[in-house]
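Visitor: I would like a close look at a single part of this protein. Please keep it brisk.

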Amino acid sequence: MNILMSGLDHSQAPISLREHLSFTRTQTMEMVRKIRACPRISGCVLISTCNRTELYVSASQPVNPGQLLCQAAQAEYAPYQTAFVTRTGDEAVCHLMEVAAGLRSRIWGEDQIISQVKEAISLSREAGASSSVLETLFRSAIAAGKEVRTQVRLTAVPTSAASMAVRLLCQQLGPLTGKRAMVIGNGEMGRLAASLLRQAGCQVSITLRTYRHGETIVPPGCGVIPYEDRFAHMDGLDLLLSATTSPHYTIAVHQLTALQSPPSVLVDLSIPRDIQPEVGALPGIRLFNVDDLGDGVADHAVPAQVEAILSAHLEDFHRWLNYKSCLTSMDSLKQAIVDRLLTVRELEEDLDSSELIELSVGKTVDLLMGGLAERVTADSLTRCESKIRAHTTGRPVVS
């Protein structure tokens, strides 16, 4: 079974390319269903975040995951051919573990990526597109990411896009105390940004498309504005941040120029982009997007403790994968042993049952060890003996 992945991320592909292969939850499930139906594909998982789009597949033969993704999304492959990075086997497995640990993020050690990796495998499972190999791989990567976070402090700076956005706003505007701010979007990212702006001293309003009592969460201390009324409340604001999953612009040039006193600083945390890029060319307006955040992965060396954690989980995964790949051979081996025993029985009819068993087992084990001569060790044989004796006596053998 082949494990392959192709990905676009902030280090290789500009936002103008990434946003056309960025997907909502519903779209992600649609993509993996389509890809899973392709010949030779036994499973697929799609990670889609503001900084990366990565498709992981398990396949009976080598395939091009990037090309499969473009076909499923009905996007032309040519513009992405040099932007996609494709990895296979160990390289793909190691990459996913580094992604889950936050080592491949624009924001070094970011916290949100592990929940995004969890969601990716969950959506694939829900869509019926996963496989046992990918389930185990993603479970291993998530476990590795959790262990890194609990045992190693990668950075002392904020580790989410929202927190980095607030830090950027402080750099642009100085102290935020008393500043008037609006956050468009009441998803996880929007709520976190609103809370952090409130903590920084801003007067914050957050937009809502609908309100359901007991279900809609509004960050403490924040005002609420209906999404459709956002421009009526935008005049005179100091700053605006947009973080939605809308396929359309939440702010276009003509809408902003219609205001008498638009916000001077805007931050777009969405992929596809929420704010029309041409807004950044308007006089007196500063526009930032997700590619303006973070301090860069290349500036950080991976601590030895992190490398040890990832290596241990990688080894565990390979041990499982090796065992799984042996299952088919084990079935054939069992049948070969049965056939051998039956042959010995036919040739040695004059022996009693105990002698026949002893002779049959002896000859079969000799043949088995001959086939494994270059790999078998005394320790592995001792473990096998202990397993057999434990099942025979009902209790483990103490060596």
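Where is the place of Ser131? Please take me from there into what follows.

Guide: Ser131 sits in the loop between α5 (112–126) and α6. A note on the source: this is a predicted model, where local features need pLDDT of at least 70, side-chain atom pairs count only at pLDDT 80 or more, and totals for chains, interfaces and linings use all residues. Residues are numbered from 1 along each chain as its sequence is written, and side-chain values use heavy atoms, with hydrogens and water left out.

Ser131 has a relative accessible area of 13%, so it is buried. Buried means under 20% relative accessible area, exposed over 50%, and partly exposed in between, with a 1.4 Å probe and protein chains only. Its side chain makes a polar contact with the side chain of Ser58, at 2.9 Å. A polar contact is a pair of N or O atoms within 3.5 Å; within protein, one must be able to donate a hydrogen and the other to accept it, and residues adjacent in sequence count only if both atoms are side-chain atoms. Leaving aside neighbours within four places in sequence, Ser131 is in contact with Ser42, Gly43 and Ser58. Contact means heavy atoms within 4.5 Å.

α6 covers residues 132–151, which is 20 residues. Helices (H or I, at least four residues) and strands (E, at least two) are DSSP runs, numbered from the N terminus. From first C-alpha to last, α6 reaches 28 Å, close to the 28 Å expected at 1.5 Å a residue. That expected span is 1.5 Å times one less than the number of residues. The buried residues of α6 include Val133, Leu134, Leu137, Phe138 and Ile142.

Now the packing. The largest nonpolar core has 33 residues. Such a core is a set of buried Ala, Val, Leu, Ile, Met, Phe, Trp, Tyr and Cys residues joined through side-chain atoms within 4.5 Å. Leu96, Val117, Leu137, Phe138 and Leu310 have the most contacts inside this core. The elements giving two or more residues are β1 (2–9), β2 (41–48), α4 (89–100), α5, α6 and α10 (304–347). α6 gives the most, with 8 residues. Take Leu137: beyond residues up to four places away in sequence, it touches Ile3, Val93, Leu96 and Phe317. In soluble globular proteins, nonpolar side chains tend to be buried together.
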